[in-house]
Amino acid sequence: MEARKTKTNSESDYTSIVHSPAFQTLLSEKKKFIIPTTIFFFCFYFALPILTSYSTILNHKFIGSITWAWVFAFLQFIMTWVLCMLYSKKAAKFDELANQVQEGGKD
Amino acid sequence: MNTPAFIMFLGIVFVTLIITYYASKKTKNASEFYTAGGGLTGWQNGMAIAGDYMSAASFLGIAGAVALTGFDGFFYSIGFLVAYLVVLYLVAEPLRNLGKYTFADMIASRFDAKKIRGFAAMNTVAISIFYMIAQLVGAGALIKLLLGIEYTTSVLIVGVLMTVYVIFGGMHATSWVQIIKAILLMGGTLLISIMVFAKFNWSITDMFAQMKTATPLKESFLNPGVKYKVGLDTISLNMGLVLGTAGLPHILVRFFTVKDAKTARSSVVYATWIIGIFYVMTIFLGFGAAAFVGNSDIVAANPAGNMAAPLLAQALGGNMLFAFISAVAFATILAVVAGLVLTSASAVAHDFYNEILCKGQATEKQQVNMARWASVGVSVVSIILALGAQTLNVAFLVSLAFAVAASANLPVIIYTIYWKRFNTSGAIWAMVVGLISAIGLVIISPNVFSPEAGKAIFVGNPIFPYTTPGIVSIPLGFIAGYLGTIFSNQKADVKRYEEVLVKSNTGIGIKG
């Protein structure tokens with residue numbers, strides 16, 4: 001109920017925030033990072049089942065009896081951890097931009 | 001009766017009940033009940049997410065799947081982990097900023113229509129109950145095997161415990177049971193992995209070399225294609241795995257237990273590390289079971305391979321380790337079912353009762369009381385369904401829950417956050433088509449119909465050729481949301497979307 005009350009008061013505020021340069025910078029920075037990275041990890045992820053289903057290329061040996069399929073599978077883990085850390089780092093920057101939006105809103 | 005196992009099971013019951021007792025003192029209002037007052041730290045919530053997520057299907061199911069089918073079993077581990085990138089990149093922070101107690105809250109931040117909240121809550125209950133049946137069937141089989149207690153009694157024991165945790169301890173008890181379970185599960189799995197690695201002379205190459213001759217599959221054990229021979233079926237499975245997590249209601253509600261988007265983010269990072277390390281270790285569990293227990297003994301204990309991990313513990317460390325690992329599996333099940341009961345009860349009490357029936361006017365006391373009754377109701381329904389589902393394959397039920405979550409919930413979540421034009425009609429179409437197509441395709445799939453008697457529930461030719469519905473039902477959910485939006489004559493509420501955009505990206509206007 002509280003939320004509903006405040007909403008009517010601040011509807012115009014949200015519009016002005018959306019059109020503020022600080023917010024637009026935040027959005028475009030986020031898009032620049034999140035969209036390509038998301039496309040990348042989906043491609044990387046689906047490459048594994050597609051390759052294992054439609055080719056035998058990953059059945060070749062890497063070292064000893066370990067085949068490329070296992071190497072690629074393990075790389076999925078590395079990819080996940082790396083992108084996870086990368087996101088945290090980028091997000092710290094997004095937080096700063098979000099703070100600027102918030103400060104701009106108070107003026 | 002296995003005495004050490006019995007004592008350790010009692011130990012777990014005792015510890016979790018003490019947690020519940022202390023948690024009950026804190027659980028005074030709706031916010032404490034649903035989200036532990038939003039007061040968990042990133043580290044605590046990360047552990048709780050891991051504890052909520054690594055279910056019996058992960059621990060028992062994947063260990064068995066790798067042991068019996070080699071590489072193909074490992075697909076589950078990969079998909080279950082990479083799924084967290086979808087959660088982290090696309091869902092976690094906006095969800096925390098837009099919602100309060102339930103996933104339906106987030107959708108309702110854009111749309112006031114009560115029926116949207118109703119459908120979102122219905123999806124939550126449906127997915128959680130599917131998931132819960134799988135866990136209860138697994139629990140029943142495990143306890144029956146270990147303690148010799150009948151299946152029905154076993155399911156009832158777990159059912160009563162999960163209800164008690166949630167009714168008295170709400171989200172506080174649920175979170176702490178999940179955190180302790182995550183520690184036990186990681187500890188137990190690490191111990192076994194180290195023992196397995198020692199037996200392979202601490203050499204990865206030795207391990208792979210020995211696996212070539214250790215199973216009846218010989219060299220093909222190490223190659224993909226033992227279980228999943230049809231390309232589109234493999235891709236369908238992987239779609240459900242990687243997209244399902246971001247739509248699983250019991251995972252989504254965990255993000256409301258922290259104070260802000262930043263903490264939600266750090267909890268996903270912690271969870272991703274813990275869950276990733278766990279899934280790497282499933283290789284050791286699976287290989288170890290295949291090599292040191294042997295294919296025939298694993299299949300003899302359970303045709304789906306669900307007892308591979310406990311049997312491996314027995315082969316490596318005798319009865320004590322067997323008892324310990326079994327108790328860990330028991331704790332795993334308890335933590336997950338408690339999370340599921342709480343999530344469905346929140347949907348019933350918060351969405352249906354408070355928001356729809358009482359128009360958001362119920363008092364704190366009424367809300368908590370309703371949530372408690374809803375917990376009892378959800379538990380009773382799940383227990384009854386689980387009693388009838390004894391013969392169903394556990395992994396099948398879980399993958400169904402993932403596919404339904406990906407088809408029915410993910411499209412509406414993504415559109416709500418990211419698509420300006422999305423409207424009420426699109427939201428309803430996305431949820432209804434996603435839910436019905438996912439469940440409908442399973443009903444006509446090879447899981448339910450098989451030409452061979454005894455291999456599935458009914459004898460007959462499956463109309464849908466794939467074992468998981470994701471490849472069709474997930475795109476259908478997205479397409480239905482799109483078409484439902486553009487073919488309705490409602491105008492997009494731009495002001496409302498601007499509010500959602502600002503809130504989800506900055507947290508401005510969010511209390512606590």
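Colleague: At what angle do the axes of α7(B) and α14(B) cross?

Modeller: Bear in mind that this is a predicted model. In it, the axes of α7(B) and α14(B) cross at roughly 160 degrees and come within 9 Å. Because angles over 145 degrees count as roughly antiparallel, α7(B) is roughly antiparallel to α14(B).

Colleague: And is that crossing of α7(B) and α14(B) left-handed or right-handed?

Modeller: The crossing of α7(B) and α14(B) is left-handed.

Colleague: What about α8(B) and α12(B), at what angle do they pack?

Modeller: Helix α12, residues 261–293 of chain B, packs with α8(B) at an angle of about 45 degrees, and their axes are 9 Å apart. The two helices α8(B) and α12(B) are therefore oblique to each other, and their crossing is left-handed.

Colleague: Which residues in α8(B) and α12(B) meet there?

Modeller: From α8(B) the residues include B:Leu185, B:Met186, B:Leu190, B:Ile192, B:Val196 and B:Phe197, and they meet residues in α12(B) including B:Ile274, B:Ile277, B:Phe278, B:Met281, B:Phe284 and B:Phe292. B:Thr189, B:Ser193 and B:Lys199 are also among the α8(B) residues there, with B:Gly288 among those in α12(B).

Colleague: Switching to α15(B), how many residues does it have, and how far does it reach?

Modeller: Helix α15 of chain B, residues 364–388, has 25 residues and reaches 36 Å from its first C-alpha to its last, which is close to the 36 Å expected.

Colleague: Which of its residues are buried, and what do the buried residues of α15(B) pack against?

Modeller: The buried residues of α15(B) include B:Gln367, B:Val368, B:Ala371, B:Ala374, B:Ser375 and B:Val378. As for partners, the buried residues of α15(B) pack against α2 (30–35), α7 (114–147), α8 (151–199) and α14 (308–357) of chain B.

Colleague: Which residues have the most contacts inside the largest nonpolar core?

Modeller: That core has 217 residues, and those with the most contacts inside it are B:Tyr53, B:Tyr89, B:Phe287 and B:Phe330. Its largest share, 26 residues, comes from α14(B).

Colleague: What does B:Tyr89 touch?

Modeller: Leaving out residues up to four places away in sequence, B:Tyr89 touches B:Tyr418 and several residues of chain A, among them A:Phe33, A:Ile34, A:Phe41, A:Leu83 and A:Tyr87.

Colleague: One last thing, where does B:Ser109 lie, and is it buried or exposed?

Modeller: B:Ser109 lies in the loop between α6 (103–108) and α7 of chain B. With a relative accessible area of 15%, B:Ser109 is buried, and, not counting residues up to four places away in sequence, B:Ser109 touches B:Leu98, B:Arg496 and B:Val500.

Note on methods. Residues numbered from 1 in each chain as written. Chains lettered and ligands numbered in written order. Predicted model: local features only at pLDDT ≥ 70, side-chain atom pairs only at ≥ 80, totals over all residues. Heavy atoms only, no water. Helix = DSSP H or I, 4+ residues; strand = E, 2+ residues; numbered from the N terminus. Expected span 1.5 Å × (residues − 1). Buried < 20%, exposed > 50% of the residue type's maximum accessible area, 1.4 Å probe, protein only. Contact = heavy atoms within 4.5 Å. Core = buried A, V, L, I, M, F, W, Y, C linked by side-chain atoms within 4.5 Å. Axes fitted to C-alpha atoms, helices over the stretch in contact; angles between N-to-C directions. Parallel < 35°, antiparallel > 145°, perpendicular 65-115°, else oblique. Left-handed = near helix turned anticlockwise from the far one by under 90°.
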